[in-house]
Every structure is written in structure tokens, then in C-alpha cells.
Amino acid sequence: MIDRRHIGHTLPPFQVEVEKGRLRFFAKATGQTDPIYTDEAAARDAGHPGLPVPPTFFFCLEMEAPNPAAIRELLGMDYRSLLHGEQGFSYYTMAYAGDTLTFRQRIEDIYDKKNGALEFVVRKTRVSNQQGELVAELRCVTVVRNQ
Amino acid sequence: MNDRNLAMTHATLPDWNALQPGDALPPLELPPISRFDLALYCGASGDHNPIHVDIDFAKSAGMPDVFAHGMLSAAWLARLVTNWVPQLAIRSLDVRFAALTHVGERISCTGTVAEKFDREGRRSVLLKVASANANGVIKLSGEALVAWL
């Protein structure tokens, strides 16, 4: 069982620069054909200052953490027993290529079901931009299948 | 909301008054998932878990084959919504991963208006969204909240 004392634990904040090349690659990989996500002129014509960060790409940026396995290691979770159960995003302002985003991760909850056969780790991440504005909040539920 | 957002006044949203619970969004139909799709998503997303691209690794982990990243399907659900409204109007997107999405499956993303409400002068709709294979097996389900400025 994962030690419940980790509930409320916060990880050191980290910063990620949003690169437009990555955004274009992500658009290609997700079949996105709307030119505002790949063509800066089209983005500007639509009122954006640059290429927008699409809704789920914040999850990808979060994986740019200095140690993406930090929570797994802290909680002693074997990645072979993990499933991504849920993923949520709340949006407060748009983010764009060239922004430097700060990610603040917190272990929001740890609980179990089926007498511990399944454990759930809820991580919440606040994302803010270089102006200090809150951009998005992410909620990730990881499921641990215990034998 | 800062001035970056206010600059987008031309955004085209559907007429909130005309929307009714049960209204369907135009569906997003994806071509059958290929291994190449998974390789592209591996690189573009930064999710380098080999279980999605390396069949030898997948088999060593007890899986018959590689399978799609859940977040690739989540990105398709986001496309379903951004095809319908400008991204700025999306207040939240929440998805649950119900079943693995396999190579060769033809995925459809669908959305319907579940609720329509006006809270403190902000007109909104709650969408139910889902991705499913050609047999109707639900892979992801979730909700998106869309607000009119």
C-alpha cells in the first residue's frame, strides 16, 4: 500500500518553454488540420499572438519535468502495474508558442478500492505563464493494480 | 481574462439560444490506427513509453501487441470540441480511460449537448464526449464545459 502521508506533498516547480516546432509536430501526430495550430499567419488572423497550445498538450509539457518519474519514485510505484485512469484539464487563459510555463505538482489524494487491490493516486498540477497568470490546472488519476 | 483573450472577439461560436440538450456535434471519424500513428504520437507527445511502439517490449509485458496512447484519443476528443467552438471557449475537458485502443481500430469521436445553463450571466453548455470503435465499444468518455464570452 502507498503511504498516505504523501497526500498533500508538493514537488519542486519546474519551467517548460513552449516550442513551436513541437506544436507543429503534435498537430501532425493528432491529425489536426486547422491551420491556426501550425501556421503563424493563420493564428494571427484568428486573433492569436502565436501558435496556440492545444487543449491536451499541457499533459505533454508536464512530462518535460526534470524527473518525470519523481512521483512514481517517491511513492514506490512499479510502472508496469500502472494505468492512466482519468485526465482532466481546466482552462483559464490561452498559452502560446514562446511562453515559458511553470508547473506546480501536488499529490492531491491517495485512496484504494476493492480492499487495496486497486489504489488511486490523484495529482493536481497548476500551470502558470511568465506573467504569473494561471493558465490551466491538470488532474491526473493513476491507477495501481496490486497483485 | 486578460487582453490576449479579449483580442479574439471575432470567434465564431454556435448560437447558444438555438442549442438544445441532445444536440449532437459533428462527429470526428479517424482512419484506422496504424503503428506509424503511434510512432508519431510517441515522438510528438514526449510519451516514450515503449509499450506503445515496441512490440517486443509489449509482449514482454504480457500484451499481445502495442496499443494506442490514451492521450492520443484524448487529443482527438479535444479536436472534436475545437472543431465545434474556438479553443478559448473551452473551460474544461475531463476524460476517463475505459478500454485500450488497438492498432487497426477505426475510432469515432462523438459529442452531445448534455446541459445548457446561464450561470451569473455566462452562457454555457456541458458536453458529453466519447470515443468508440466501429463496434460501439467505448474507449474514452468524458465531459467538456464550453462557455460563451
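A: What follows is a walk through the contact between the chains, the sheet and the nonpolar cores.

This is a predicted model, in which local features need pLDDT of at least 70 and side-chain atom pairs count only at pLDDT 80 or more, while totals for chains, interfaces and linings use all residues. Residues are numbered from 1 along each chain as its sequence is written, and chains are lettered from A and ligands numbered from 1 in the order in which they are written.

Between the chains, 29 residues of chain A are in contact with 35 residues of chain B, where contact means that the C-beta atoms of two residues, placed from the backbone, lie within 7 Å. On the side of chain B that touches chain A, at least two residues each are supplied by helix H1 (3-6), helix H2 (35-45), helix H4 (70-82) and strand E2 (90-97); helices (H or I, at least four residues) and strands (E, at least two) are DSSP runs, numbered from the N terminus. The largest share of that side, 9 residues, comes from H4(B).

Within E2(B), B:Asp94 is the bridge partner of A:Gly88. These strands belong to an open sheet of 10 strands with antiparallel pairing, in the order E1(A)-E3(A)-E4(A)-E5(A)-E2(A)-E2(B)-E5(B)-E4(B)-E3(B)-E1(B). At the edges stand strand E1 (14-17) of chain A and strand E1 (28-29) of chain B, each with a single partner strand, so one side of each is left without a neighbour in the sheet.

The largest nonpolar core has 62 residues, and among those with the most contacts inside it are A:Phe58, B:Trp76 and B:Ile90; such a core is a set of buried Ala, Val, Leu, Ile, Met, Phe, Trp, Tyr and Cys residues joined through C-beta atoms within 7 Å, and a residue is buried if 20 or more other C-beta atoms lie within 10 Å of its own. H4(B) gives the most to this core, with 9 residues. Leaving out residues up to four places away in sequence, B:Ile90 touches A:Pro55, A:Tyr91, B:Val81, B:Val85, B:Ala144 and B:Val146.

Note on methods
Two strands pair if DSSP finds at least two bridges between them. A residue is buried if 20 or more other C-beta atoms lie within 10 Å of its own, exposed if 12 or fewer, and partly exposed in between; C-beta atoms are placed from the backbone.
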